[in-house]
Amino acid sequence: MMIRRKLQILAGVTICGLGLILFATITGLDAMHEAEAAAQRRESYSLSLVEIKASAISTIMLDPTLKESREVFADAEKSIAEHQEKVLGLIKRPEMREQFKQILARWTQYDKDSQELVKLAASDAKTANDRLVPLYNGQFKPFQAMLEKFVVERVADAMTAREEARKISLRVFWTIVPNRQLRFLLPGLAPLGLFLAATWPRALTWGVVGFQLLAMANFFFGAVGPVSIPMPFMPLTFFVNRPPAREDWKIEEILRRIEA
C-alpha cells in the first residue's frame with residue numbers, strides 16, 4: 001500500500017475519531033445543561049411554594065374586628081398571587097399543575113369566606129368571632145394539609161434533581177476531560193496535521209491556502225463578514241475582521257488655527 005493511501009486512511013480515522021469526541025462532548029454538555037436547568041427550576045418553584053405557605057399561615061385565627069387583620073390578608077393575597085404565577089410558569093407536568101390549581105382553589109375559598117367574616121365583624125363582632133374557629137377547622141386546615149404535602153413533595157423533587165445534576169456533571173467531567181498522559185501526544189499533532197494535509201488533492205490544498213490568505217486579508221480590511229453559524233453552546237464565526245478605525249483628527253483645521 002502506498003504511503004499516500006496509508007496517510008489518507010489515517011486522516012479518515014483521525015477525523016472520525018475527532019468527530020465522535022466532539023459529538024460526545026456536545027451531547028454531554030447539553031445533558032449537563034438540561035439537568036442543571038431542571039434542578040434550578042424545581043428549586044425556584046419550591047422556594048415560591050414555601051413563600052405561599054408562609055403567607056397563608058400569617059392569616060391564621062386573626063381577629064376579624066381589627067384593621068390590621070385586613071392589612072395582613074391584603075399582603076397575603078398579594079404575595080400568594082405573585083408566587084402562584086411563578087409556580088404555574090415553572091411547573092411542566094399537567095397533573096402537578098392541576099394539583100396546584102386545586103390547592104389554590106381552596107385558598108381562594110378560604111380567603112373569600114375570611115373577607116366576609118371581616119365584613120360581618122363590622123356589624124356583629126360576636127358572631128364573627130364565633131365563626132372564626134369553624135372556618136379555621138373546616139377550610140384552612142384541609143388547605144394547609146394539601147399545601148404542606150405538595151411542598152414536601154416538591155422540595156424532595158428539587159433535592160433529587162440537584163443530586164441528579166451533580167451526578168451528570170461528574171460523569172460528563174470524567175468522560176470529556178482527557179487523561180493527563182495525553183499531554184505527551186500534543187507535540188505530535190502539528191506534524192500529524194501537515195501529514196494529513198499532504199494527502200489532500202492538490203486543488204483542495206491550494207484552495208484552502210487561498211481561503212486562509214483571503215481570510216487574513218479580510219481581517220484587516222473588513223470586506224466580508226463576520227459570518228456566524230449558531231451552535232448549541234456558542235456560535236461558530238468565520239471572517240472575523242478588525243479593520244483600523246477611521247478617525248478624523250481635523251489636522252488641517254488645527255494647523256489653520258495655529259497659524260492664525
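Which residues does D157 touch, not counting residues up to four places away in sequence? They are R42, R93 and M96, where contact means heavy atoms within 4.5 Å. Welcome to a predicted model, in which local features need pLDDT of at least 70, side-chain atom pairs count only at pLDDT 80 or more, and totals for chains, interfaces and linings use all residues. Residues are numbered from 1 along each chain as its sequence is written, and side-chain values use heavy atoms, with hydrogens and water left out.

**Around D157**
- D157 sits in helix α5, residues 132-176 (helices are DSSP runs of H or I, at least four residues; strands are runs of E, at least two; both are numbered from the N terminus).
- D157 counts as buried because its relative accessibility is 19% (buried is under 20% relative accessible area, exposed over 50%, partly exposed in between, with a 1.4 Å probe and protein chains only).

**Nonpolar cores**
- The largest nonpolar core holds 26 residues, and W107 and F143 are among those with the most contacts inside it (such a core is a set of buried Ala, Val, Leu, Ile, Met, Phe, Trp, Tyr and Cys residues joined through side-chain atoms within 4.5 Å).
- Helices α1 (3-57), α2 (67-90), α3 (94-121) and α5 each supply at least two residues of this core, and α3 gives the most, with eight.
- Another core, of six residues, lies apart from it and includes A39 and I168.
- Beyond its neighbours within four places in sequence, W107 is in contact with residues including A56, I80 and F143.

**Near the strands**

- V224 is placed in the loop between α7 (202-221) and β1.
- With 42% relative accessibility, V224 counts as partly exposed.
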